[in-house]
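This report describes a few local features of a protein model. Please look at the structure first, then read on.

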2 protein chains.
Amino acid sequence: MSEQITFAILGAGHGGQALAGYLALKGFPVHLFNRSPERIGSVKIMGGVQLEGEIQGFAPLKLVTSDIGEAVKGAKVIMVVVPATGHRFLAEIMSPYLEDGQIVVLNPGRTGGALEVKHVFQERGVKAEVIVAEAQTFIFASRVTGPAQARIFRIKNSIPVAAIPAYKTVEVVRTLRQALPQFVPEDNVLKTSFNNIGAVFHPTLTILNAGRIESTHGEFDYYMEGITPSVALILEAVDQERVKVAEALGVRAVTAREWLYSAYDAYGRNLYEAIQNNPGYRGIKAPSTIFHRYITEDVPMSLVPIASFGKMLGVPTPTIDALIHLASLLHGRNYFLEGRTVEKLGVAGMSVKEIREMVVVEEEKL
Amino acid sequence: MSEQITFAILGAGHGGQALAGYLALKGFPVHLFNRSPERIGSVKIMGGVQLEGEIQGFAPLKLVTSDIGEAVKGAKVIMVVVPATGHRFLAEIMSPYLEDGQIVVLNPGRTGGALEVKHVFQERGVKAEVIVAEAQTFIFASRVTGPAQARIFRIKNSIPVAAIPAYKTVEVVRTLRQALPQFVPEDNVLKTSFNNIGAVFHPTLTILNAGRIESTHGEFDYYMEGITPSVALILEAVDQERVKVAEALGVRAVTAREWLYSAYDAYGRNLYEAIQNNPGYRGIKAPSTIFHRYITEDVPMSLVPIASFGKMLGVPTPTIDALIHLASLLHGRNYFLEGRTVEKLGVAGMSVKEIREMVVVEEEKL
């Protein structure tokens, strides 16, 4: 470790506690923040997190706090590890405390996370020179297993990340890699945002199996039984709409079938075959309820921004629209209104050229 | 039997064979028609149908034929007993042979059946004075159990029927009741068409349980397990859209909850409770495949006309639209195009007043 980079981890859930512990075990000073003090009560008493699994040991944390100003102060990297539905709120409360040179990384951003956070900073008049970046996925499969105790089941080996604007990605990756060599640069945040494969699988699967999830409490094989040949046709339609909207933004998004091949070596002539050929999906149970982040997070934070970009750019997204509507009915909410529309991302009315200039080219002027 | 009414039964499936046998056992002359000769081969050889169940005995038929002209000739009542997707075709092939005074009854019409058939007769320039009517449901629960053999499990005790225009319903009911006293008059065909409760239940349930139906081949309790509290919210939304479109046509359609109460004495503060309180639904298995008339018939012939009327009258039907779209993807078809739009019903561009005049008031001029 050439420099002692201080990390602030915002969010002390399954991901946040594991990441805080992991970085601390590697010798980095770590601030762990959680909005509600209850969740970090035992971590505070213990002064750190006991890690199990891939990496083991007691990881002492420099600071455990519910005070966002305290958490952010002096941190070089601010790792946001909360569901995307919490990004806006965190961006709002951290904005008065940001300092020049800080890097804010969303782990992950879902679709439009970095755009939304950057837009909030602008709305709030943030003067500090900070970089906003988003990862495409979370680095671990991990779980809180007890008070001040977390288990890392798996460390993914390649985490694409991109900053706004794109030329700052190099700086972000260089900094992150001092602690986490798994981070790799992605072209820009449109790419990380539209390569969001969870947006394709999670809501579709949950909605097309809503009756079964609710009546069996998820007691079935989510991918192998939940994705039948016909359900896969709807996955393909959602996937095509996502890829088409990305194309309209000049982005070549990876298809779900390509992703299965590169992530799992799972191949097939169509999506159904590829899924059937992915042993990694076997044995994964469905969620026990439809009130799950597969809908509560992936619909407003992944499907809504895709649909909203589509609407703005004249790319029809009838399948995604249908799923958003049904999800809204299932949950008695209005995910269109709650979700990340182009207005909330600060790009409403912009041309593709203007968006790309902001995301890819422009000198950052926060 | 005051007059010897001759019945032509068009369609020799589960319903048609049972109805033909039932009427013949009651002493009426019956013609049984089926488009493909294979299905009526053994009935023709036997000269009739062996009935089991509620009514038993060998029922000799006057005529068993694949010749539509032969089937229709001399029949007073033409009972159409095929899926609604076959109505247009049957209307087209029977139109050259129709005779003054004949009554064509769709058993049932689903949504817009009588309108579509009447429109076909007009397109084909039918000169004969015939009455077109539609029943709201099929009179029996019945099944073909072997060659020339059918079982009637249950005879429903009240079958609403309506003619176009409405004042001819009296004549239809008077005629039908000589053989089938279960027929009762309904206000008009908008009422029979919009009181189509199957439109609410079948597609929604099948789509929201698509994964389970396909992976278990229907091995679960369709209504009790397939309708969970959240699935019921989507049923309620579909139901409200149906009722709202009917209202725009000046029709007070029965809600699904009211229907459960009147048909099954099943009550509840919401649709979910009412369904749970209906013992009649217990033990009914799901269809073994999603390629079932719950979609192939109910989507194009029930949901599409409701959505199409809604569009014409400015009543939004987002939930029904979403289901039609997903069903189209599941089956790799375009049910919007295949279905009964207002164009196919011959009412495109008409005002509510004009539709109601045609359906309710007007002297029939075929």
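In this predicted model, Leu106(B) stands opposite Glu134(B), a residue of strand β8(B). The partner strand β7, residues 103–106 of chain B, pairs with β8(B) in the parallel sense over four bridges. Together with helix α5 (residues 113–123) of chain B, β7(B) and β8(B) make a right-handed β-α-β unit.

Strand β8(B) also pairs with strand β11 (residues 159–164) of chain B, here in the antiparallel sense and over four bridges. In this pairing Ala133(B) stands opposite Ala163(B) of β11(B).

Is β8(B) buried or exposed? Five of the five residues of this strand (residues 131–135) are buried, so β8(B) is largely enclosed by the rest of the structure. Both of its faces are covered: one side carries the buried residues Ile131(B), Ala133(B) and Ala135(B), and the other carries Val132(B) and Glu134(B), also buried.

**Salt bridges**

Over all chains the count of salt bridges comes to 26. The table gives some of them.

| Arg88(A) | Glu116(A) | 2.8 Å |

Arg88(A) forms a salt bridge with Glu116(A). Arg88(A) lies in helix α4 (residues 87–94) of chain A and Glu116(A) in helix α5 (residues 113–123) of chain A, so this pair ties together parts that are 28 residues apart in sequence. Arg88(A) is partly exposed at 22% relative accessibility, while Glu116(A) is buried, with a relative accessible area of 4%.

Because Glu123(A) is in helix α5 of chain A and Arg88(A) in helix α4 of chain A, the pair ties together parts that are 35 residues apart in sequence.

Glu116(B) lies in helix α5 of chain B and Arg340(B) in the loop between α17 (335–338) and α18 (352–361), so the pair ties together parts that are 224 residues apart in sequence. Glu116(B) is buried at 3% relative accessible area, and Arg340(B) is buried at 0%. In chain A, salt bridges that share partners join Arg88(A), Glu116(A), Glu123(A) and Arg340(A) into one network.

**A surface patch**

Ile45(A), Met46(A) and Phe58(A) make a nonpolar surface patch of about 340 Å². Phe58(A) lies in strand β4 (residues 57–60) of chain A and is partly exposed, with a relative accessible area of 34%.

Terms used: Residues are numbered from 1 along each chain as its sequence is written. Chains are lettered from A and ligands numbered from 1 in the order in which they are written. This is a predicted model: local features need pLDDT of at least 70, side-chain atom pairs count only at pLDDT 80 or more; totals for chains, interfaces and linings use all residues. Side-chain values use heavy atoms; hydrogens and water are left out. Patches are made of residues with over 30% relative accessible area and no salt bridge: like charges are joined within 9 Å, nonpolar side chains (Val, Leu, Ile, Met, Phe, Trp, Tyr) within 5 Å. Accessible areas come from the Shrake-Rupley method with a 1.4 Å probe; for residues, only the protein chains shown count as cover. A salt bridge is a side-chain nitrogen of Lys or Arg within 4 Å of a carboxyl oxygen of Asp or Glu. Helices (H or I, at least four residues) and strands (E, at least two) are DSSP runs, numbered from the N terminus. Buried means under 20% relative accessible area, exposed over 50%, partly exposed in between (1.4 Å probe, protein chains only). Two strands pair if DSSP finds at least two bridges between them. A crossover is right-handed if, with the strands pointing away from the viewer, the path from the first strand over the helix to the second runs clockwise.
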